[in-house]
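Subject: Structure handover

Hello,

Here is the structure for your files. My notes on what was found in it follow below.

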Amino acid sequence: MDLIGCEDDEYAAMLSGGVRVAVIDTGIDSTHPVVSGRILPGFNFLENTGNTDDPIPAFGYGALNVSMVALLNPSTVALLNPDMVALLNDARIAYTGHGTLVSGLITTVAPGAFILPLKAFDNSGHASSLTVAKAIRYAADSNVDVINMSFNFDQPSMLIRDALDYAASKGIIMVASAGNNDAEAMAYPANHPAVIAVASTDAQDRKARFSNYGAAIAIAAPGEGLISAFPGGHYAAVAGTSFSAALVSAEAALIRSGGTFPPATVLKRIQSSSKKIGTINPGVAIGVGRIRVGEALEKHGTD
């Protein structure tokens, strides 16, 4: 991400906007230094409580007797604390701390943003369409600016569609990850017309090896070798479209902090300021380019 090109005081003003980003995920470690002081009281839709903790270890599988199930986009996680390496022996690490990892990236790029944690996913990375729909509507009624959705359904859900339409009617910016199947396919809700669908790139601006692609992708963002917060005060290197979506949510939050721009204007700015990478990825549709945050913020007075 390129943060160059903004005057210091101008960028500082952007960072202090106090926008609200809802993260529908596994919860959050609100005590982690990266997010501490930036967390709003959220809700746990699995237990119908206000406990949105993202504990470690977060193992244990909940039974979901539903016909439509959402799955978090699994991530590649490498814990940076040697004392935690034993956790990597368990495949379920893909979902452990997912909400904290996503939120940590958002507050790193947009440190003036407040996170509204909405715990809709269990420790196996699953959630029902009803639980997710409730979370989307809760976010919309909480007057958030951005909703981050780092998860996919295999097929459209009427409950989710109605919830997304409701949030869109309130002018909320919605961001979703494209998925990590290295396929020309778009899962729901990334392919909803009101949602910004995000693919992943590597350090050379090529499509990340795992990233989905296709005509519905709006924008790409870095998705490999990112460092973020991990529950328990730890840090981890991560990869996945979940985290690319988090970067776009953060960029959207920064833009929204400069004014009450509608979602279409925010998306236009994100796309028009991006680095065009079509020649690096011929024949692979991963949006109009790779995000450049600094350039997007420069445009705050030009729309």
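This is a predicted model: local features need pLDDT of at least 70, side-chain atom pairs count only at pLDDT 80 or more; totals for chains, interfaces and linings use all residues.

**The sheet and its helices**

Seven strands make up an open sheet with parallel pairing, in the order S2-S5-S1-S7-S9-S10-S11. At the edges are strand S2 (43-44) and strand S11 (219-222), each of which pairs on one side only. Strand S10 (residues 195-201) runs parallel to S11 and is joined to it by four bridges.

In total, the protein has seven helices and 13 strands. Of its 303 residues, 56% are buried. Among contacts with a separation of 6 or more, 76% are between residues 24 or more positions apart.

Ser 142 is in the loop between helix H3 (129-141) and strand S7 (146-149). Is Ser 142 buried or exposed? Its relative accessible area is 18%, and the limit for buried is under 20%, so Ser 142 counts as buried. Leaving out residues up to four places away in sequence, Ser 142 touches Arg 20 and Leu 116.

Asn 143 is in the loop between H3 and S7 as well. With a relative accessibility of 57%, Asn 143 counts as exposed. Asn 143 is not a glycine, yet it has a positive phi of about 60 degrees.

Asn 48 also has a positive phi without being a glycine, here of about 55 degrees. This residue sits in the loop between S2 and strand S3 (69-72). Asn 48 is exposed, at a relative accessible area of 55%.

**Helix H6**

Which residues of H6 are buried? They are Thr 265, Val 266, Arg 269 and Ile 270. Viewed down the axis of H6, these buried residues fall within an arc of 135 degrees, and therefore they line one face of the helix. On the face turned away from the buried side, H6 carries the exposed residues Ala 264 and Lys 268. The buried residues pack against S9, S11, helix H5 (241-257) and helix H7 (293-298).

Apart from neighbours within four places in sequence, Ile 270 is in contact with Ile 219, Val 248, Glu 251, Ala 252, Ile 255 and Ile 291.

**H2 against H5**

Helix H2 (residues 98-109) packs with H5 at an angle of about 35 degrees, and the two axes are 8 Å apart. The crossing of these two helices is right-handed. On the H2 side, the contact is made by His 98, Leu 101, Val 102, Leu 105, Ile 106 and Val 109. On the H5 side, it is made by Ser 242, Phe 243, Ala 246, Leu 247, Ser 249, Ala 250 and Leu 254. What kinds of residue make up the contact of H2 with H5? Ten are nonpolar, three are polar and none is charged.

**Gly 233**

The last item is a glycine in the loop between strand S12 (226-230) and strand S13 (234-239), namely Gly 233. Gly 233 is partly exposed, with a relative accessible area of 38%. Not counting residues up to four places away in sequence, Gly 233 touches Asp 29 and His 32. The C-alpha atoms of Gly 233 and Ser 30 are separated by 9.9 Å, although the two residues are 203 residues apart along the chain.

Regards

Key
Residues are numbered from 1 along each chain as its sequence is written. Side-chain values use heavy atoms; hydrogens and water are left out. Buried means under 20% relative accessible area, exposed over 50%, partly exposed in between (1.4 Å probe, protein chains only). Contact means heavy atoms within 4.5 Å. Two strands pair if DSSP finds at least two bridges between them. The arc is that of the directions from the helix axis to the C-beta atoms. Axes are lines fitted to C-alpha atoms, for helices over the stretch in contact, and angles run from 0 to 180 degrees between N-to-C directions. A crossing is left-handed if the near helix is turned anticlockwise from the far one by less than a right angle, and right-handed if clockwise. Ala, Val, Leu, Ile, Met, Phe, Trp, Tyr, Cys and Pro count as nonpolar, Asp, Glu, Lys and Arg as charged, and the others, Gly among them, as polar.
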